[in-house]
Structures are given as C-alpha cells and as structure tokens.
Amino acid sequence: MSDTPFGFGLPPEEPDDGDEGKKKDQQSGGGQGPANPFGFGMTGAGGLGGPGADNPFAAMFGSMNPNDLGAAFQQLGQMLSYEGGPVNWDMAKQIARQTVSQGTPDGRKDASVGPAERNAVQEAVRLADLWLDDATALPSGAGTAVAWSRAEWVEATLPAWRELVDPVAERVGNAMGDVLPEEMQAMAGPLIGMMRSMGGAMFGTQIGQAVGVLAGEVVGSTDVGLPLGPAGKAALLPVNIESFGKDLGVPQEEVRLYLALREAAHQRLFAHVPWLRSHLFGAVEGYARGIKVDTAKLEDVVGQFDPQNPEQLQEALQQGMFQPEDTPEQKAALARLETALALVEGWVDAVVHTAAKPRLSSADALRETLRRRRASGGPAEQTFATLIGLELRPRRLRDASRLWASLTDARGVDGRDGLWAHPDMLPTATDLDDPDGFVHREQLDFSELDKMLGEAAGKPDLKKKDQGEDGDDGRDEPKGDGRE
C-alpha cells in the first residue's frame, strides 16, 4: 500500500493477485475479516491513526480537559438519549464535517467551488459525453454536471452510506438485545436501550470519521465503483482533482477531462442498467445477513456493564466482539460483489480508454495511474474494511477490462453493451478465467425467445394450430411446438 491515505498516488508496482497481493492485504488489514472489522478505535478525527485513534470519544469531546467537561457531558447525554435507527447519522454527519474542516494530511483545506471551477467541470462533462457517444451504445446518463466541495460530497453521499451500512449496524444492534433471556429483557430494557444508543453513537462516530477522510481523496461520486451520489448527477471535486494531478506531469485540463470521462461512463451504466444498483447494494446486505456475533462475549459485557463507565462498551468493541465469521453466505455475497465490481470497473476502463486514446496524449499514463490506485488499496477497500469488514477492491479489473475489449472486437459495441440487459447474461468469475471462451461462445438469441413467448401469450389456440399443421396430437409436448 502506498504511503498516501487509501493508497492514492502511484506506487512503485501493482500488487499481484498471488502471494504478494495476499501478503499486502495481510499487512494492510484489508480484505474480509480484518482483526477489527468494524474499525472502532481505528480512525480518529484527523484520519486513520490520527488523534483519537484509540478512543472515538476524543473525536467528539476533544482533549477532555476540565474546561470541556460541560460540553462533554452534554454530548454524552445526547448520545445516550438517541432513539433512532442502528446508526446515529446526525453524529456521523457532524463528525464527517469536522474531519473535512481539518483538511487533508498534505495541508490542503476544503474550499467552496468558484464559478470558474464550476464552469470547467460542466464543460469537461459535456465534452466527455460527446466522446463517449462513439464508444458505447448506452446514452448519456448525466442530466446535470456539478462541482462539489468536500463538504458537499459528504452531504450528497450520506444517504447512500446509510443504505449500505444500516443493515450491518442493525444486525449488531439486534444482537445486543438478543443475548438476554426473554424474561430478563423487560427488566433490562433501560440497559439494553442505553447500549443500543451507545452502539448507534459508536457507529456514527466511526462512519463519520471514515467518510470525512474519504471526502479528502475522492475525485467524483463513483470512485468506489458504487453510485454514491444522486441519480443522473455527474459530480467532480475540483480541489481533489488538483491534488490528484499535481505530481503526474499531465496538464490539469487533461486530468479533469479524463476523470470526467470516467464519471460520465459510470453515470451511463447506472442510469441505463436499472438492476445494477440494487444488485450491488443487495450483495452488501447479503453479506450483512451472514454476520455472526460473539454472543458469549456479548453476554459477559451485558452482565458486567456499568452505566457509569460507558467506555467499557467501547473497549469490548475494540476486542472484536462483532468479528464476522467466514460463512458460506458471506463468501457467496462477497464473490457476487467482487465480480460485479470488476465488471463495472472493467467496462468503464475499456470504454473510457476507447474514447480517450485517440484524443488525449496522456490517456495511457492516466489509465495506468488509476488502475494502480485501485489495485493498491483504494478508498472503497479501506473504508469498507474499517466499517463492515468488506473489501470492495475489484481484484480482477484488468481481466474484466480485457474481456470487455475482446467483446468489442468480436461483437461490436452494441453486442458488448447488450450483455447488461440482464444479470444472467453477464460474464461470471469463471468467465474471467477464460475470457476467450466467453467471447466466442455461441450467443443466445433472447429476442427469438421473447417473440415466441409474446406470440404464445397473444394466441391461446397456438398449440392447436401447430398440432394441425404438424399432424401431431402433441400430448407429450408443452405449449408451442416444443421442439426447441
């Protein structure tokens, strides 16, 4: 992993999928089932390993000197009185905004987007959409183009984070009440309520810190391979684009345009493949359903919990109480998610390269930089490993990109993009092992099947007519001619 947060930048070499890659995953704590998958105590208000890394209360309460005690107890009261969902999203938003206001480790502060930057982003997205018209059969998916500050990115993406994280947090929150026998739950109601409020605050603090750090790195709304922003809105972050391109030796206009191509390509895919978003988010939820809680450890904590010492719950969380188990359900959900992400990122990579290669002299260099950034541990991997133990890195980005490029050569743009019509038509993880086999496999003509089904639905006497024409009583045949 590179020295920069979330692995941005250009590391000396790309990690392999073999032993070297596994070794880096172990060293970075990424991947499925890290030592502390929910990341409590892993990040602070200043970012990963920053101030408050050992105690998230420090992110909320400051240095806890005597002058801060009044505000500290007031915020603790707000924490314990929280009665919302599994995550205190008000607190998450507050912590994320505080983290953004502190700036990034390189000293770059957030700033409002000026008219010149806004116009530059809008022009880049407009031009990118024109170029993409020749590279894909999918029409434009960006109704508007916007330039966001980091704080605006936080505000715009929190609804998507809520949808992704709530299923995991709810699973954990329910476990807090399930460990007690039914007859004891009524008596222990206030204690359970307090623990759930504390859990919501802990999740809110951790998510706020992670999202705040992530806001200092992303360049658009689709960096992590998931549609985090509002539908139909292509978004770029000028302050982060400037930081991203600073040491690349590429004109800033070309960097902005290449990133606009990627953002616009993602928007086309998510706008015109209606099942894709729910497929990706559903895989995350499927993973959450497979999470198992260490009930024995949780029972011990519940039995010994001292309301006057709320940090006791924090200490228990740091010890890995909610360590996910390597269940078949989680493996299947993770495999679906990783394959889908690789196909999304591979398609975007292939389409953008087709559009940019003839027009941008720096297309190859920018492509390789972004590939390595993702392979070395991008923002999605680190954020989700911190929050829910999920690694969203598309491990097989290059394989997927080659497959999409081969499909373009063999079937043309329309044939390639037509595979997004239904999830069952897409390549599988096995197909990524044998891309040539998939590319040259006999294509199924679904249009003929649809035509047959439509005719059967509109002509109830079709079977009788076929029987008369064929001279066959058809008793052993299904509806239709039954010969296909």
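Reader: What makes α15 oblique to α17?

Author: In this predicted model, helix α15 (residues 363–375) and helix α17 (residues 397–417) pack at an angle of about 135 degrees, their axes being 11 Å apart. Angles under 35 degrees count as roughly parallel, over 145 as roughly antiparallel, 65 to 115 as roughly perpendicular and the rest as oblique; α15 is therefore oblique to α17.

Reader: Which residues of α15 and α17 meet?

Author: R367, E368 and R371 in α15 meet L397, R398 and S401 in α17, where contact means heavy atoms within 4.5 Å.

Reader: How do you know that the buried residues of α5 are on the same side?

Author: V121, A124, V125, A128, D129, W131 and L132 are buried in α5 (buried means under 20% relative accessible area, exposed over 50%, with a 1.4 Å probe and protein chains only). They cover an arc of only 160 degrees around the axis, which places them on the same side of α5. P115 and A116, on the other side of α5, are exposed.

Reader: Why is α10 described as largely enclosed?

Author: Of the 21 residues of α10, 16 are buried, so the rest of the structure largely encloses this helix.

Reader: On what basis do these values rest?

Author: Local features need pLDDT of at least 70 and side-chain atom pairs count only at pLDDT 80 or more, whereas totals for chains, interfaces and linings use all residues. Residues are numbered from 1 along each chain as its sequence is written, and side-chain values use heavy atoms, leaving out hydrogens and water.

Definitions and conventions
Axes fitted to C-alpha atoms, helices over the stretch in contact; angles between N-to-C directions. Helix = DSSP H or I, 4+ residues; strand = E, 2+ residues; numbered from the N terminus. Arc of directions from axis to C-beta.
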